[in-house]
Amino acid sequence: MPLGERGGWERSESRYCGVETDFTEDVTYLLNFNISTGGFDYVLAPLMNPSYRPSLVEGNGVDTQVLPVSGSDLVLSPSQWSSHVVGKISSWIDLDSEDEVLRMDSETTLKQEIAWATHLSLQACLLPTPKGKSCANYARCVNQILQGLTTLQLWLRVPLVKSDGDSMDDTSEGPNDSWELWNSFRLLCEHDSKLSVALDVLSTLPSETSLGRWMGESVRAAIVSTDSFLTNARGYPCLSKRHQKLIAGFFDHAAQVVISGKPVHNLQKSHDSKTEGTEKHPLRTYLDYVAYLFQKMEPLPEQERIELGYRDFLQAPLQPLMDNLEAQTYETFERDSVKYIQYQRAVEKALVDRVPDEKASELTTVLMVVGAGRGPLVRASLQAAEETGRKLKVYAVEKNPNAVVTLHNLVKMEGWEDIVTIISCDMRFWNAPEQADILVSELLGSFGDNELSPECLDGAQRFLKPDGISIPSSYTSFIQPVTASKLYNDVKAHKDLAHFETAYVVKLHSVAKLAPSQDVFTFTHPNFSTKANNQRYKKLQFNLPSDSGSALVHGFAGYFDSVLYKDVHLGIEPTTATPNMFSWFPIFFPLRKPVEVHPDTPLEVHFWRCCGSSKVWYEWSVSSPTPSPMHNTNGRSYWVGL
């Protein structure tokens, strides 16, 4: 059974706990003991007798040779093999050995075991940790196998180790950072999406920033050794606070847990009334503790639950100027009450600054909502006027004729006919009958300016008084480098250049943020400068924390922060994000070829915002530590239409 129910999680989101076992020919007993009696969800079991070596049986009637596998495929039903067994490839294999016989035996056995696992319809197989510094031949064989797989996933076993960077022993060779081992292996296997990692969690853990890198990698399982458990006051196994946090992180990133090793907590004397008189699994207390860790995790907030399906799902950004939004899109944005509360606060402050208390009853403020949609900003502005006791005249400008129908109905229903004038027109081409005191808009995209707010507001500011107020008054975009293995593989699956040169809106989840975000482009409104130009260029330099170890940059996460008016802000940049707001997911700029970055070498990135007569687009590239190609030259793959 899964690790219990967790508040706010669908059953499909359950996590499972397996157990690593030794080789046995009695697979039926293995499953009965570990699953029916022990309560585990699956076994991580060797498929082949560990004493088997192809070179020892050759010449003894190869044609009649029967592989020493763990029992016939008939001893379990296909669904039992598929659901309850993860195959464990023989740990003795060494495909990069100097010994040619061992190397050839290893290659033969690896291919035989994978063929048997495929025959059994297993979902996954665990590959043993590469031995020694070189793993080129091992990776070559695995890559050959991957080309022929359809459903079987391969998990490469990697110990979770990284020695401290400040170690004085520079002579020590070999992988002191197991991430390097995983990275070289997956690069040799061409970043194949069917190759994942299973981390051996040991009693000591690397630094927090070093562990953070793994959250952007395709970690399928955390294999926790019984030696990693501490003992609580009652003599039961428990994990350190750091181990608990790590396991919770893996649960949150859809990784399973596997218990490995012999019991090291002597609990024979304790009796459980429920298991009295029955054989109790020696590792049951470890499973119970892992289940306890899962169940005590905080329930997901309601909005997070709604957004579960959007996690790491690539979406093309909106084209609000070229396309008219659909009712469903409007409805989603309108549900975001936090955003409109911020807008209302900004309008309230602007009204109070514009009209002193003593003139509140005589002066009428002209407010224009440009891009009014179905009217949420009109409502927020009128609410602000009511709260501050100011008189308001509103022009609601909207180019989408379908939304204008809704606007007319809203105005009629609310009785706003004398206050609100609806204009069905593109704000850039409308000739206003009078100038506005306040110009309100919600044209911001995930990257601030990526839905053409600068171009729209430049076109609309001609009907703003010289001392008029724009809400928002400014906005800034931000980027940060990320490891995002899943996103990279999803882009790569399209097998074309265009998808690597497109920016995607995505609810980032399985990503590792490698350095703090930095600001890119800023736009201020109104901008009455005669030399106003919306083209931009920015060079940025990111440094990884010294204790993080190396990392692979798959692309850049983009955000924005906006000043609506004075101290009222709105944004999604992680350190200053407006709480509980869901109108915007971050944006993701992929790299055609991921870049490996080391803590002692800065990552130098270039971003351009380019403007043409009919479109606006971004170009981006990396110049250090290794130059990348220029992405999206002339907006050949991705642009926003004017």
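Q: Before we look at helices, what are axes fitted to here?
A: Axes are lines fitted to C-alpha atoms, for helices over the stretch in contact, and angles run from 0 to 180 degrees between N-to-C directions. This is a predicted model in which local features need pLDDT of at least 70 and side-chain atom pairs count only at pLDDT 80 or more, while totals for chains, interfaces and linings use all residues. Residues are numbered from 1 along each chain as its sequence is written, and side-chain values use heavy atoms, without hydrogens and water.

Q: OK, at what angle do α12 and α13 pack?
A: Helix α12 (residues 337-354) packs against helix α13 (residues 376-388) at about 45°, and their axes lie 8 Å apart. That angle makes α12 oblique to α13, a word used for whatever is not under 35 degrees (roughly parallel), over 145 (roughly antiparallel) or 65 to 115 (roughly perpendicular).

Q: And what does UniProt place at residues 303-471?
A: The unreviewed UniProt entry places the feature "domain: PRMT5 arginine-N-methyltransferase" there, though such annotations may be inferred rather than shown by experiment. Over residues 303-471 the chain is 38% helix and 20% strand, with its end C-alpha atoms 27 Å apart; helices (H or I, at least four residues) and strands (E, at least two) are DSSP runs.

Q: Switching to the sheet, what's the strand order?
A: The open sheet has four strands, paired antiparallel in the order β20-β24-β25-β26, where pairing takes at least two DSSP bridges. Because β20 (536-542) and β26 (640-641) at the edges each have a single partner strand, one side of each lacks a neighbour in the sheet.

Q: How many bridges join β24 to β25?
A: Eight bridges join β24 (residues 603-611) to β25 (residues 615-624), and Trp608 has Glu619 in β25 as its bridge partner.
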